[in-house]
Amino acid sequence: MAEPLLKIRNLTLEGRSDEEWTQIVNGVDLDLHKGEVLGLIGESGAGKSTIGLAAMGFTRDGVRISDGSVEFDGIDLVNARMSVKRRLLGKRIAYVAQSAAASFNPAHKLIDQHTEAPVRHDVMSRKESEADAMELYAKLRLPNPEEIGFRFPHQVSGGQLQRAMTAMAMSCRPDLIIFDEPTTALDVTTQIEVLTAIRDIVEQFGTAAIYITHDLAVVAQMADRIKVLFRGDEVEEASTREMLDTPQEDYTRSLWAVRSFERPAKPAPTADAVPVISVSGIDASYGKTQVLHDVSFDIHEARTVAVVGESGSGKSTAARCITGLLPPTNGVIRLDGRDLPLDYRKRSKEQLRQVQMIYQMADTALNPRKTIGQILGRPIEFYRDIKGRARRREVEKLLDEVELPASEYIDRLPSELSGGQKQRIGIARALAAEPRFIICDEVTSALDQLVAESILKLLARLQDERKLSYMFITHDLATVRAIADEVVVMKDGEVVEQGPKTEMFTPPHHPYTDLLLSSVPEMDPDWLNRLLDERGRENIGDAAVDKMG
Amino acid sequence: MSNVLTIILQRLALGILTLFVVSVVIFAAVNLLPGDFAQVILGQGATPEAVESIRRDLGLDQPVVLRYFDWLAGAVQGDLGTSFAQANFASFVGEGAARGTTVMQQIAPRFENTMFLAGVTALIAVPFAVGLGILAALYRDTAFDKGTNIFALTSISSPEFFLAYVLILFLAVLNPWLPSLSNIYDGMGLGERLQRTLLPALTLTLVVTAHMMRMTRAAIINLLASPYIEMARLKGMKPMHVIVRHALPNALAPIINVVALNLAYLITGVVVVEVVFVYPGIGQLFVDSVKIRDIPVVQACCLIFAAAYILLNLLADILSILSNPRVRHPK
């Protein structure tokens, strides 16, 4: 076999925390041949992005290569001078980042950023590169390929930006592209579009690629081979089909098994039951733009209603209406059958106590300067008037409830906790008020699958013990399947369909629900091809959504 | 674009309102100054009758509120009144108070000189400071960066007159390249004017550089961890190109604000430098007028200073808003 294009041997990387260097990647080997796509998969902290960047001879601040070699086409990237590497970067090795919105410079037009590498690396003139950009935009099925490049990043949608970034990576026709979680920040319907575009263009130009992701189903569509990583170690590597059919290692099997947590739906509430929260006919606006139109749904005791939809569909706005942060312009919200004032400032402490929230980013939702004891003690004192030693006992009880040993955690700061632990504190803080109803806003989407699953299980247990009602906002249908009793599907600020979970997951669906469901990648390498055949190539993603109107 | 226009008009209206409020404050403050012109000018011979007569001549016997509105009405029409000292002098030589030199006539050439000095300084200092800031960001944490910081902080921490004398020592006395006196006058050629202004301009450059340079450096470094900077690096762009093309355009807003603040300082706060170099700017006139309680001149100077601050900050606001592409190119 020919020499591989990229040859990594015993790659060892160290990261600095508090002035100390600790090993974060422990001797990984990797071979990549021309035109081949390798999937790197693992949870956060597995070292996949760090390896991806090291494959370009690049390390972020606070990371260094301590051992091993990276050879690209015979060039030693570990010891090469910066000027040598600069001649390769952008020209022969390109990078596609996770968030295109953050990785395009907000101050320049797309086309100026696209032509930068070809012009500066003397591959093409500005004119040629502009013409080429338009061709690439067309190949990636961007709307108005002639014109879209002359827009600024903020004038282009997320999915389109991600494709424009892929076009930019292609601008010098590199031999290797590193894709670093390019679809993680996108909605499922948009994700399909980007996946298809990336796959087609990589195939067409015979580009080799490293595709980094934490989503197995996605990597199954994209990669020829898959390498599984765990905490800086390689777990195993095999061709995609082999890896999916016969995973060898327990860790790999545990990744596969994550999606198996599913709670049976509870029997429907009796007809005369009064819902804990009842939303009827609410409209809401930001300024002059109306964002919610006649939204109604009920949430009964000890039940979970999942609200699903793409970003911008109004799920979080509906939550803001229920909490009273954004008073609706029309409609009624009832708690236990009694009208709730629409503005939170007009609600009594007792009414406020009953409705609590858990946020997506536990990171930013916890005050970084308060200890866990203070964070949990405050709502206990505020809502329940418990002070002093009794308050501390309550905090300990709460920590116990969320499965964190109180003696160890009560005096820590949020920065000393992991993502999953922070989210547990977020849950404990909501429980501190002893509410009847909790809004969970994308509470698992920032977490790894294994951690997310443990959070879902915790929420399920608390629901059974405390008869809690949840409004569960999510865009992840696997989560819905796991935890919901009822499902509300939203689109453009309206409820398009609602009903019990079992009904929602069996056809016939509303066409939009159908589109959402069918857009969730499946653990089958042929899934994307099949889907594209069914829908017809021109009818994917945004286009399909638009058609539905 | 109409969006931007609305913002600018709003800011402009707010600026005028601020100026109006400031005028009240100035008038009140100046009238609170102990002693008055009549007493100061008469000195030992201040008999109650003489004081009374001068006060009547100058209208100082009128109630404060009335005087304020008189003054305001004049100011709005561009008439800032007549200097007490000039009016008093005019009445001595037998002409009416109204015939004396107006404050406008008195201030205009001084203000022109001040603007000239501020302009020359800005032309030197702004490119110098921003350039130095960019280089310090590029070579951050190196000896160059530290050296630049020490130089800038030393010069901002030293008293202005000290910097002035050090520069005179090196550039005028030991090496007689530049004149140490900056007594410029009307009808002087631009070349000579520039030459005479250079020393005070360099002194002021040393004073204002630190602030602008450090803000430029900090604003750029602040952005270096952004994903789009990493992207530019991963495209193989050179460090200088990354900073100038990718970081600087996004760092403009804070830099513009600091530049504006320092330009305002150049117009309003340079009296010490003017005294050292005998530069006939507005600062000296202002201090002299305070000494003899020449209220119309003091008020006019204050008003000009306030207007300069408001105008420059307004300009900075508008430019910072325009530096945001989201505002310039709405969806």
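This is a predicted model: local features need pLDDT of at least 70, side-chain atom pairs count only at pLDDT 80 or more; totals for chains, interfaces and linings use all residues.
Just after H4(A), Asp122(A) adopts a positive phi of about 60°.

Which residues of H4(A) are buried? They are Leu110(A), Ile111(A), Gln113(A), His114(A), Thr115(A), Glu116(A), Ala117(A) and Pro118(A). Their packing partners come from two chains: helix H5 (126-139) and helix H6 (158-170) of chain A, together with helix H11 (239-268) of chain B.

Now let's turn to a strand. Strand S9 (residues 225-230) of chain A is mostly covered, as five of its six residues are buried. Strand S3 (residues 37-41) of chain A runs parallel to S9(A), and four bridges join the two. Within this pairing, Gly39(A) sits opposite Ile226(A).

S9(A) also pairs with strand S10 (residues 233-239) of chain A, this time in the antiparallel sense and over six bridges. Here Val228(A) is found opposite Glu236(A). S9(A) and S10(A) form a hairpin with two residues between the strands, and in this hairpin Arg231(A) has a positive phi near 45°.

## An open sheet of four strands

Another part of chain A holds an open sheet of four strands, in the order S2-S1-S4-S5, with antiparallel pairing. Its edges are strand S2 (20-32) and strand S5 (75-76) of chain A, each of which pairs on one side only.

Inside the sheet, strand S1 (residues 6-17) and strand S4 (residues 63-72) of chain A are linked by eight bridges in the antiparallel sense. One bridge to look up in your viewer is that of Gly15(A), whose partner in S4(A) is Val63(A).

## Chain A as a whole

Stepping back, chain A contains 23 helices and 20 strands. Along the principal axes, the C-alpha atoms fill a box of roughly 70 × 55 × 45 Å. Of the 549 residues, 55% count as buried. Among contacts in chain A with a separation of 6 or more, 69% are between residues 24 or more positions apart.

As for the surface, chain A has an accessible area of about 23300 Å², and carbon and sulfur atoms account for 46% of it. The chain carries 68 positive and 85 negative side chains, and the centres of these two sets lie 6 Å apart.

Note on methods. Residues are numbered from 1 along each chain as its sequence is written. Chains are lettered from A and ligands numbered from 1 in the order in which they are written. Side-chain values use heavy atoms; hydrogens and water are left out. Buried means under 20% relative accessible area, exposed over 50%, partly exposed in between (1.4 Å probe, protein chains only). Contact means heavy atoms within 4.5 Å. Accessible areas come from the Shrake-Rupley method with a 1.4 Å probe; for residues, only the protein chains shown count as cover. Lys and Arg count as positive and Asp and Glu as negative; His and the chain ends are not counted. The place of a charge is taken as NZ of Lys, CZ of Arg, CG of Asp or CD of Glu. Two strands pair if DSSP finds at least two bridges between them.
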